[in-house]
Structure formats: C-alpha cells, structure tokens
Amino acid sequence: MDEATEAALVAAAVAAREQSYAPYSGFSVGAAVLDGEGRIHAGCNVENAAYPQGQCAEATAIGAMVTAGGRLIKAVAVAGPDTGPEDPFCTPCGGCRQRLREFASGALTVIICQPRGIVARHTLASLLPESFGPDHLD
Ligand code: THU
C-alpha cells in the first residue's frame, strides 16, 4: 500500500468515527477497509438500547464493502479516541478479528489510528494466531 492510499484509509476511518452512534459507551470508533479493487469502505460503531445488538465499526465497514461487491480486504484502519500515554489503543475486538479473517489472510495489515494519526501497526496473524478461516472449509 502506498503512502497516499494509507493516508486515505486512515482519513476515512477517522471521518467515519465522527458519525459514531455510541450514546451508551460514549466510545466512538471508526473503521475503513481497502478492498481488492482499491476502493475504501468505511463504517462506525452503532450501539443499541438493547446493548448486545450494538455493532462494531469494523462490522459496519465490512458490511459496506460486501454490499458494494468487495470480497477481499487488503488493509484495514481502526480509529479510536486520542489517548494519553498510559491508555491502551483501540484494537479490534475478538469478534471483529474473526470478521476480518473472513476476507483476509493473516498477512493483513491492521492500522491502529486516532484523530492525531497512526499509533500502531499489526498483522492480523499477530492479533488472531492459529486462526480458523474459509480455507478450512474448502
Ligand atoms: N468497538 C468497535 O466499534 N470496534 C472495536 O473493535 C472495539 C469496540 C465499539 C463497540 C462499542 O460500541 C464501543 O466500542 C465500546 O465497546
């Protein structure tokens, strides 16, 4: 991924975070995926008064990609709040790691960002080792 594409992916995740509907947690998240055609699809978390029905930002972004016909994730950016030096970054939850795995290999680049910029980079394999994916069902 070139620098301009990475910057666009991060900007899309940060912009999607602005649309977050998180009245219960107050924790806004945005995500953006780069698909196999080079298109970017973004989404935010969407909470619900029936708490378990809330949806993570990654799930919203993946849904947008699939709806647009995308079936491959080449990179993902996840945008959480700006944090202080002692605070943890917003990394994808366990369920979203598995959702990403459906459309990506362990080599997937997972960019962790905040409104102030990129704060960490991971591979999906490091976040979800020994994962189970569609290839297991071939
Ligand atoms: N959240 C995400 O959107 N993505 C993640 O990977 C971590 C958590 C959301 C879910 C919920 O709306 C809020 O953050 C607090 O958990």
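Visitor: What do the buried residues of α1 pack against?
Guide: They pack against β1 (30–35), β2 (40–44), β3 (73–79), β4 (109–114) and β5 (117–123); contact means heavy atoms within 4.5 Å. Keep in mind that this is a predicted model, where local features need pLDDT of at least 70, side-chain atom pairs count only at pLDDT 80 or more, and totals for chains, interfaces and linings use all residues. Residues are numbered from 1 along each chain as its sequence is written, and side-chain values use heavy atoms, with hydrogens and water left out.

Visitor: Which residues of α1 are called buried?
Guide: E6, L9, V10, A12, A13, V14, A16 and R17. Buried means under 20% relative accessible area, with a 1.4 Å probe and protein chains only, so these residues of α1 fall under that cut-off.

Visitor: What makes D2 a cap for α1?
Guide: A side-chain oxygen of D2 lies 3.3 Å from the backbone nitrogen of A4, at the N-terminal end of α1. A polar contact is a pair of N or O atoms within 3.5 Å; within protein, one must be able to donate a hydrogen and the other to accept it, and residues adjacent in sequence count only if both atoms are side-chain atoms. The 3.3 Å pair therefore counts.

Visitor: Which polar atoms lie by an oxygen atom of the ligand?
Guide: A polar side-chain atom of E47 lies 2.5 Å from one, and one of E58 lies 2.7 Å from one. A polar backbone atom of C93 is 2.9 Å from a ligand oxygen.

Methods
Buried means under 20% relative accessible area, exposed over 50%, partly exposed in between (1.4 Å probe, protein chains only). Helices (H or I, at least four residues) and strands (E, at least two) are DSSP runs, numbered from the N terminus.
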